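Please open the model in your viewer and keep the sequence panel beside it. The tour below moves from the whole chain to single residues, and each stop names what to select next.

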Amino acid sequence: MPQTKPTPIVSSNEIRRLIKTTQHIVQQNDQLPFSVYTSFKEQHIFNVPVIKPLLIFVLSGCKKLGLKKQITCQNGSFVFLSNSPKVNMRNITDGEAYFAILIEFDFEDFDCFEQHSIKTEKYFQGPIDTVLEKTLLQFVEWSSFSPPDIWALRRREILQLLFLQGYEQVTSIMESPTLSHRLHSIFTANLTNDISAGALSSMLAMSESTLRRKLRAEGNSLQEIKDRARLSHGLHLVQTSLDPIGRIAEHCGYLSQSRFTRRFKQLFGITPTELRKTRLLDSR
């Protein structure tokens, strides 16, 4: 059993230091093992895919998640989401800019635990105490110079720390990856390439008919998964970069910006341009 030891809740000065350090490192590095989402106006985004377990540290503002019941994650706290098909999100400025650090975990990261719970937890949450804040600060600072090949080591340290702090749910936050998850990963790695069903079935060592049958059983289709993979990457780019929307559309495999915008709004309930405006301090 993990040993729990109460530690002080992180102070506002420590939070500000973490935000400032993170902002500096994000400005200096293009590739990092975490993402930063910020906004100056409230964001309401529907059907956000969570393909891998996702740990969100809310440092400023407030996040509300619509699962079976609404989850509220105030500033100075975290929420750990299981990989699930979709979730509705509200990022609320609440008198101050919304600022969150997101860490996505690979399924192999959880191999650090000898046993996994049979029942999957959809989420768990808690306050950011001083130990967790210092660990996150070290993770952010270390990311600026460490090679990607060893990023998994520090992600596993965070998982083990949460477990030792008494969050036993961390061993059951990962849902076993389905065929849809595997295909999503393949499409994400090949956003601008149109991979045929035959090529996919060969990669997965199954017949094309078996592939389609298993996807139907999961309530999915190849086209739906491809669209979600492209659009979720587009959502990430809109949230983390200031690239022109047309360029983002191209990065996601869309030849037409208008088609990208239309499909983006159909899935997320907001256009890329409308979402981009929430990130600009002087937008109207």
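A residue is called buried when its relative accessible area is under 20%, exposed when that area is over 50%, and partly exposed in between, with a 1.4 Å probe and protein chains only. By that rule, 49% of the 284 residues of the protein count as buried. What you are viewing is a predicted model, in which local features need pLDDT of at least 70 and side-chain atom pairs count only at pLDDT 80 or more, while totals for chains, interfaces and linings use all residues. Residues are numbered from 1 along each chain as its sequence is written, and side-chain values use heavy atoms, with hydrogens and water left out.

**The whole chain**

Along the principal axes, the C-alpha atoms fill a box of roughly 55 × 50 × 40 Å. If contact means heavy atoms within 4.5 Å, then among contacts between residues at least 6 apart in sequence, 78% join residues at least 24 apart.

**The cores**

Next select Phe57, Leu59, Phe80, Ile101, Phe110 and Leu162, which touch the most other members of the largest nonpolar core, a set of 35 residues. Such a core consists of buried Ala, Val, Leu, Ile, Met, Phe, Trp, Tyr and Cys residues joined through side-chain atoms within 4.5 Å. Colouring H1 (12-28), E3 (54-60), E6 (77-81), E8 (98-104), H2 (130-143) and H3 (151-164) will show elements that each supply at least two residues of this core, and H2 gives the largest share, 5 residues. Centre on Ile101: leaving aside neighbours within four places in sequence, its contacts include Leu18, Phe34, Leu55, Phe57, Leu136 and Val140. Apart from this core lies another, of 32 residues, among them Val50, Val58, Ala100 and Ile245.

**Helix H4 and its cover**

Move to H4 (residues 179-189), where the buried residues are Leu179, Ser180, His181, Leu183, His184, Ile186 and Phe187. Displaying H5 (197-203), H6 (208-217) and H7 (222-240) brings up part of what covers them.

**Strand E2**

Now select Ile45, which is found in strand E2 and is buried, with a relative accessible area of 3%. Leaving aside neighbours within four places in sequence, Ile45 is in contact with Val87, Asn88, Met89, Leu235, Gln239, Phe268 and Leu275.

Asn47 is not a glycine, yet has a positive phi of about 55 degrees, and at 23% relative accessibility it counts as partly exposed. Most residues other than glycine have a negative phi.

**The loop between H5 and H6**

Finish at Ala205, in the loop between H5 and H6. Phi of Ala205 is near 55 degrees, again a positive value in a residue other than glycine, and Ala205 counts as exposed, at 71% relative accessibility.

Technical notes: Helix = DSSP H or I, 4+ residues; strand = E, 2+ residues; numbered from the N terminus.
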